[in-house]
Amino acid sequence: MNTFKPLVFSGVQPTGNLHLGNYLGAIRKFVALQENNDCIYCVVDLHALTAQLVHDDMASQIRSITAAFLASGIDPKSHIVFNQSAVPQHAELAWIFNCVARIGWMNRMTQFKDKAGKDRENASLGLFAYPSLMAADILVYRATHVPVGDDQKQHLELARDIAMKFNMDFMEKIRASGYGVDITVGEEPVHAYFPMVEPLIDGPAPRVMSLKDGTKKMSKSDPSDLSRINLMDDAETIARKIRKAKTDPDALPSEVDGLKGRPEADNLVGIFAALADKTKAEVLGEFGGQQFSVFKPALIELAVDVLAPVNAEMRRLMADPGHIDAVLRDGGQRARERAEKTMKEVRDIIGFVQ
Ligand code: AQP
């Protein structure tokens, strides 16, 4: 049984327009989790350097993600909202994790392969090491639960592998230090410093797909803006994108099984379900047998209803960058205090003189 104090951590990169995938796969879960948990939500600006080094609009991108967090309902007073670069302990722990993680583990990361593409030799070392920094982001707070989209599942498995190897390699020192916790991993009792993080991926839309191709993830970096709904899109743009979304000629099925082999239909039903807080089965109970000409207007109305208030609040917040910066400064200070406590203990376990 996990005996670490439950703590939720997650992050979003400031690398372009937030879209419906980020919102349904991540941010909406962040909001729901804060009711019953201690939560830390981070704008992971160090990660933003991995694919592209120079960003002319870095500061405004950081503020925009922060505004999206706040506009969606995250409470920065009861929880912590900050940007990663304000807490240097993330990078310090990431270095230690670079020495824990094995090259073979990193070579298996599919996101690196996707993002580096054919020009692998020219990708940054940071892009390769990205999952190690992500593990440090989470574990520098000894966080136990991480709400993410399905695309991040492999990175969280790596975070568990890194935590496990650190726990095993330093087991005697952890025991001697008194900082450890008794946990059970599988059937094995382990005296651990770092918890085995649990991904929180469930929901009807764990992976929102492109509106133009139901087999591709909705992504900020897709060159076609029609492939995604951005949180900053106005009602008319949302309606146009959904009207133009790719579909097939058949009516919607009455059962979830009938969505197999119909990726675009499956995606739109999943989006509807997530936006309406329903299951896909419930949505098909309502729309089974109907054509897309009936379903799409209902989806447009729902998407605009849910997203318009977020969009309006984001715009209001973005007009006051001083307020956003103050939220980040306050969150950064509280995050640093927690992260430094962990790092003092980690340095001690390793044997660094401090
Ligand atoms: N399509 C998606 N469906 C569900 N969840 C998604 N997430 C991203 N895309 C989808 C989740 O959003 C959170 C923040 O993502 P991120 O910005 O840190 O990184 P990303 O996964 O690289 O996002 P993008 O939009 O796909 O950016 P690019 O185009 O740069 O690759 C994460 O929890 C992620 O799972």
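Which element gives the most to the shell around the ligand? The points below take this up, with the caveat that the model is predicted.

1. The answer is α1, which contributes four residues to that shell. The elements giving two or more residues there are β1 (8-12) and α1 (20-33). The ligand itself sits in the largest pocket.

2. In total, 21 residues surround the ligand, and the closest are His 19, Asp 151, Ser 219, Lys 220 and Ser 221. Sorted by class, this shell holds six nonpolar, ten polar and five charged residues.

3. A polar side-chain atom of His 19 is 2.6 Å from a ligand oxygen atom, and an N or O atom in the side chain of Lys 115 is 3.0 Å from an oxygen atom of the ligand. Gly 21 places a polar backbone atom 3.1 Å from a nitrogen atom of the ligand. Of the 640 Å² that the ligand exposes when taken alone, the protein buries 95%.

4. Three cavities of 30 Å³ or more are found in the whole structure. The largest holds about 50 Å³ of space, and α6 supplies the largest share of its lining, four residues. That lining comprises six nonpolar, two polar and no charged residues, among them Met 109, Phe 112 and His 155.

5. The second largest cavity has a volume of about 40 Å³. Asn 17, Leu 18, Ser 64, Leu 231, Met 232 and Met 314 line this cavity; four are nonpolar, two polar and none charged.

Conventions: Residues numbered from 1 in each chain as written. Predicted model: local features only at pLDDT ≥ 70, side-chain atom pairs only at ≥ 80, totals over all residues. Heavy atoms only, no water. Near = heavy atom within 4 Å. Polar contact = N/O pair within 3.5 Å; in protein donor to acceptor, adjacent residues only side chain to side chain. Areas by Shrake-Rupley, 256 points an atom, 1.4 Å probe, with all protein chains shown as cover. 1 Å grid on protein atoms, 1.4 Å probe; cavity = no way out; pocket = protein on both sides within 12 Å on 5 of 7 lines; lining within 4 Å. Sits in = over half its atoms within 2 Å of the grid points. Nonpolar A, V, L, I, M, F, W, Y, C, P; charged D, E, K, R; others polar. Points joined across faces, edges and corners; volume = space filled by probe spheres on them.
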